[in-house]
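Reader: Please take me through this model step by step. I will ask as we go.

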Amino acid sequence: MSDEPRWAQIQKRTFTAWCNQHLKDRVLGIKDLYKDFESGVLLINLVEILTKNMDIAPKYVKNPTIRAQQIENNSKVLAFLKRRGIKLVGIGAEDIVDGKSKLILGLIWTLILRYHIQKGGGDAKSELLAWVRKQIPECDVKNFTNSWTDGKAICHLTNSLSQGCIDLGTLGNLTPLKRATLGENVAEKELDIPMILAPEDLVSDEPDELSTMTYISYFRDYFDDMANRSVKKKLPDPAKCIILHEGDGDKGEQFIPVKLKVQSRNYAGNNLDHGGDGFAASVAFYDKDTPLPEHEGSGGKIANAPSSGNLNDASHTDSKQLQKTTSFKNVKSSAIPETAVHVGGKPVDSELKDNGDGTYPIRFTPLDYGNYLVM
C-alpha cells in the first residue's frame, strides 16, 4: 500500500495518463511518473511535443548511463522552460533524477496548466469552471472537487456534447461510481476523450482538484473543435493509420514482391472507407552494413510503423521478424505535403494503388540483400 496521500496517488495516475496521451505519438510511454523521467530523454520528448519545438535540448545524451548525463539532459529541459517564461518553483535537474515525487507532480502540473488548460490571460480554473457552468447549468457545478463525486455532472457534460448519447433519466438508479463509469466510457467512445482520470478517482471521497481540471479540460477542447470535427472525420490522420501485410509477400524472399497495405484512418482511429486521399510512398535500398537514415521531413508518422526492412540471408525473413522490421518511415497524404528524402539510398521501383475503400496497397520487389526503407 502506498504511503502517499490520496490526492498524490490520484495525481500520479492522472498525470501519467496525460503524459502518455502525448508520448504515444512517438510510440513512447511511461509507467512510473517518478522514475521514468530520470534520464531526461522522455521529458525532452514530452516538452518537444507540447511546444512543437525540436531544439529544446541540442545534442542531449540519448542513452545516458551515468548520473551526470541524466542531470545534464534534465537541466537542458528546465533551462528551455525558463526561457519560455515558465515559472518553476523549487525544482532542479537533480530532483527529477532523484525522483522527488511532489516536485515532479508540480512540474507536470505546470506543463498541463501552460500547454493544455490555460486558454487566455485570465485565471485558468475560473475560466474552465465558467465554461462548465454554462454548458450544464442544471448541475450547478461549483468546483472541481465534490461537485463531481455523485457522478451526475460527468454524465450531463458528456451528453451536452452529444445529445442523447446518455439516458439521463436512468442516472437515479445508479451508484455514483456507475454513473461516473458510464459518463467516462461514453465520452471515450463517442467523443474520443481519453479516460485519463479513473471513475473511482473522480467520485473519491478525497477528490483531487488538479486531476479533475485536467480531465474536464478535454471536454472544453472537444467543444472548441466541434466545427472542425465533421471535416476531420473524413480526413486521414497519419498517426492513426496502420500498416498491414497482405498476401504471400510478407516472407521477405529475394525477387518475391513484398505486399503491404496502408489502412487509412481518421483522427479518432476509425477506418475510412473512401479513396482519393493522395497517399504516396517511395522505397530505397541500403546495403546491409549501412545504417538507415532518420527521415527528414514534416509528414506524420504512421503510428505502428516499424523501423526498417531487412533481407539479410539467402532464404527469407519470417513474417514475425518482418513485422518488426519492415518499415514505412512516413506515408504522406495530400493534407500533409512533404518530399521524401533518401540519404544515400538507391531508389527501388514500387507501386501504390488506391483501392477506393480506404486501403492503399504498396508493392516492391527486393532484388538485393540489405535494408529497405519505405516512405
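Reader: Where does Val 27 lie?

Author: Val 27 is in the loop that connects helix H1 (6–23) with helix H2 (41–51). Helices here are DSSP runs of H or I with at least four residues, strands are E runs with at least two, and both are numbered from the N terminus. This is a predicted model, in which local features need pLDDT of at least 70 and side-chain atom pairs count only at pLDDT 80 or more, while totals for chains, interfaces and linings use all residues. Residues are numbered from 1 along each chain as its sequence is written, and side-chain values use heavy atoms, with hydrogens and water left out.

Reader: Is Val 27 buried or exposed?

Author: Val 27 is exposed, and its relative accessible area is 60%. The cut-offs are under 20% for buried and over 50% for exposed, with partly exposed in between (1.4 Å probe, protein chains only).

Reader: What is its phi?

Author: The phi of Val 27 is positive, about 55°, although this residue is not a glycine.

Reader: And which loop holds Lys 59?

Author: Lys 59 belongs to the loop between H2 and helix H3 (67–83). Its phi is also positive, about 60°, and Lys 59 is not a glycine. With a relative accessible area of 82%, Lys 59 is exposed.

Reader: On to the helices. At what angle do the axes of H1 and H2 cross?

Author: Their axes cross at roughly 70° and come within 9 Å. Axes are lines fitted to C-alpha atoms, for helices over the stretch in contact, and the angles run from 0 to 180 degrees between N-to-C directions. H1 and H2 are therefore roughly perpendicular. Under 35 degrees counts as roughly parallel, over 145 as roughly antiparallel, 65 to 115 as roughly perpendicular and the rest as oblique.

Reader: Is the crossing of H1 and H2 left-handed or right-handed?

Author: H1 passes H2 in a left-handed crossing; that is, the near helix is turned anticlockwise from the far one by less than a right angle, whereas clockwise would be right-handed.

Reader: How do H6 and H10 cross?

Author: The axes of helix H6 (residues 124–135) and helix H10 (residues 209–224) cross at roughly 60° and come within 10 Å. The two helices are therefore oblique to each other, and H6 passes H10 in a left-handed crossing.

Reader: Now the strands. How many bridges join E2 to E7?

Author: Six bridges join strand E2 to strand E7 (residues 359–364), and the two run antiparallel. Strands count as paired if DSSP finds at least two bridges between them. Among the residues facing each other, Val 262 has Tyr 360 of E7 as its bridge partner, and Lys 259 stands opposite Arg 363 in E7.

Reader: Why is E2 largely enclosed by the rest of the structure?

Author: Strand E2 (residues 258–263) has five of its six residues buried, so the rest of the structure largely encloses it. E7 is likewise largely enclosed, because five of its six residues are buried.

Reader: What do E6 and E7 form?

Author: E6 and E7 form a hairpin with six residues between them, and Gly 356 in the turn has a positive phi of about 80°. Strand E6 (residues 350–352) pairs with E7 in the antiparallel sense over three bridges. Glu 351 has Arg 363 as its bridge partner in E7.

Reader: Changing topic: how many aromatic pairs are there?

Author: There are four aromatic pairs, counting rings of Phe, Tyr and Trp (its six-membered ring) whose centres lie within 6.5 Å; planes under 30 degrees apart are stacked, over 60 edge-to-face and the rest tilted. Phe 144 and Trp 148 are stacked, because their ring centres are 6.4 Å apart and their planes lie at 10°. Phe 144 is buried at 1% relative accessible area, and Trp 148 is buried at 0%.

Reader: Where does the charged end of Arg 114 sit?

Author: It sits over the ring of Tyr 115, 5.8 Å from the ring centre. The rule asks for NZ of Lys or CZ of Arg within 6 Å of the centre and within 35 degrees of the ring normal.

Reader: Last one: which helix holds Leu 107?

Author: Leu 107 is in helix H5 (residues 101–117), and it counts as buried at 4% relative accessibility. Leu 107 and Leu 88 are 19 residues apart in sequence, with 7.2 Å from C-alpha to C-alpha.
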